[in-house]
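Reader: I would like to go through this model and ask what stands behind the words used for it. Please start with a loop residue.

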Amino acid sequence: MRVDGRMIREVLRAEAERVSPPPDLWERISRELERNRNRQGARMQRATAAFRQLLAVGVAAGLCWFLAVPARPALEPVVLAPGHWVGAFLPGQADRGGLGAGDLRWSSAEITLLR
Amino acid sequence: MRDVESELIARCQAGDQSALEEMFLVYRDDVFRFAYLVVRDATLAQDVVQETFLKVFRSINKFEFRSSFKSWLYRVAVNEAITLLRRRKIREELDPMPGAIQEHQRGRLERAWQPEEAVLDSEERRLLHVAIGRLDPVHRSVVVLKYFHEFSDSEIAAIIGCPPGTVKSRLHRARELLRNHMARQLGRPDLVALSYHRLSAHTPLVPCEE
């Protein structure tokens, strides 16, 4: 049985000659590409609109908070019980004087005792 | 030619619509004939061509000129043709046609070869035409790429994502299957190779890289 490359080639060529692509194939493809582009554009528009809405809600909420909440310092000063060791490391604690644990100066009684 | 092609691809990547059409016109006939020879139905072949070009155009920005554009295009076409045939097979399994209709359709396809109209009119060639139609799509793709499009083994390997050795063995198997099918049809079982049953046993319906 003879089945060589030449014979296969001839059979395939003869078969392929009987068909040709339809003339409207490019129209179909370009229409589909256009539909894709429109779909993508619509998706982008929806995403932008959603982002704008979110931004507007955020700004409105911030404004309401600003109007409703009375003015006060943004950060409450840390109040520590006298003698608390953490106070030693807080800035400005030592300058205030008093009996805080941040005060590393010796009292006169302690100095007298040392003497 | 390569420079012209590169320039065309670059224009497509820049979003030039006329470049897309030019690209389509350059490859339309080849891709359509390839699809037709693999799926063996003009309507299905149109779907394969449409899907192939849509996929390629949608992802043309990802093409980095590392491989040949033609290989990439054919690779998409092979995958589309096989996917489409697989889908059709599943559909037919879910909704089987009555045996008589199936037999009628098969006969219609086989009679589609009109010896008096064709240049090649011998009984041998008619049988070869039928035998090619009986190959599974993976082997048929390789046969079409090799003998119709005249790609080299390494080019086919790049298209279907297999080593060149696999391409050679697939071609060998395909020729063997064709020879055996024809021998059976001619009523010459003595010409059927002993390996026929092994060869015609379930062959994978997927290309190497999937």
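Author: This is a predicted model. Arg40(B) has 18 C-beta neighbours inside 10 Å and therefore counts as partly exposed.

Reader: Why is Glu150(B) called exposed?

Author: Glu150(B) has 10 C-beta neighbours inside 10 Å. The cut-off for exposed is 12 or fewer, so Glu150(B) is exposed. Glu150(B) lies in the loop between α7 and α8 of chain B, and its phi is also positive, near 55 degrees.

Reader: How do you know that the span of α1(A) agrees with its number of residues?

Author: Helix α1 of chain A has 12 residues, 5-16. At 1.5 Å a residue the helix should span 16 Å, and its end C-alpha atoms are 16 Å apart, so the two agree.

Reader: Which residues of α1(A) are buried, and why are they said to line one face?

Author: The buried ones are Ile8(A), Val11(A), Leu12(A) and Glu15(A). Seen down the axis of α1(A), the buried residues fall within an arc of 95 degrees, so they line one face of the helix. An α-helix has 3.6 residues a turn, so residues three or four places apart point the same way.

Reader: What covers the buried residues of α1(A)?

Author: The cover includes α2 (17-39), α6 (123-134) and α7 (137-148) of chain B.

Reader: How many residues does each chain bring to the contact?

Author: Chain A brings 23 residues and chain B brings 33. On the side of chain A, the largest share, 11 residues, comes from α1(A). That side divides into 15 nonpolar, two polar and six charged residues.

Reader: Which residues have the most contacts inside the largest nonpolar core?

Author: That core has 58 residues, and those with the most contacts inside it include Ala35(B), Val39(B) and Leu128(B). Its largest share, 11 residues, comes from α2(B). Leu128(B) touches residues of both chains, among them Val3(A), Ile8(A), Val11(A) and Leu178(B).

Note on methods. Residues numbered from 1 in each chain as written. Chains lettered and ligands numbered in written order. Predicted model: local features only at pLDDT ≥ 70, side-chain atom pairs only at ≥ 80, totals over all residues. Helix = DSSP H or I, 4+ residues; strand = E, 2+ residues; numbered from the N terminus. Expected span 1.5 Å × (residues − 1). Buried ≥ 20, exposed ≤ 12 C-beta atoms within 10 Å, placed from the backbone. Arc of directions from axis to C-beta. Contact = placed C-beta atoms within 7 Å. Nonpolar A, V, L, I, M, F, W, Y, C, P; charged D, E, K, R; others polar. Core = buried A, V, L, I, M, F, W, Y, C linked by C-beta atoms within 7 Å.
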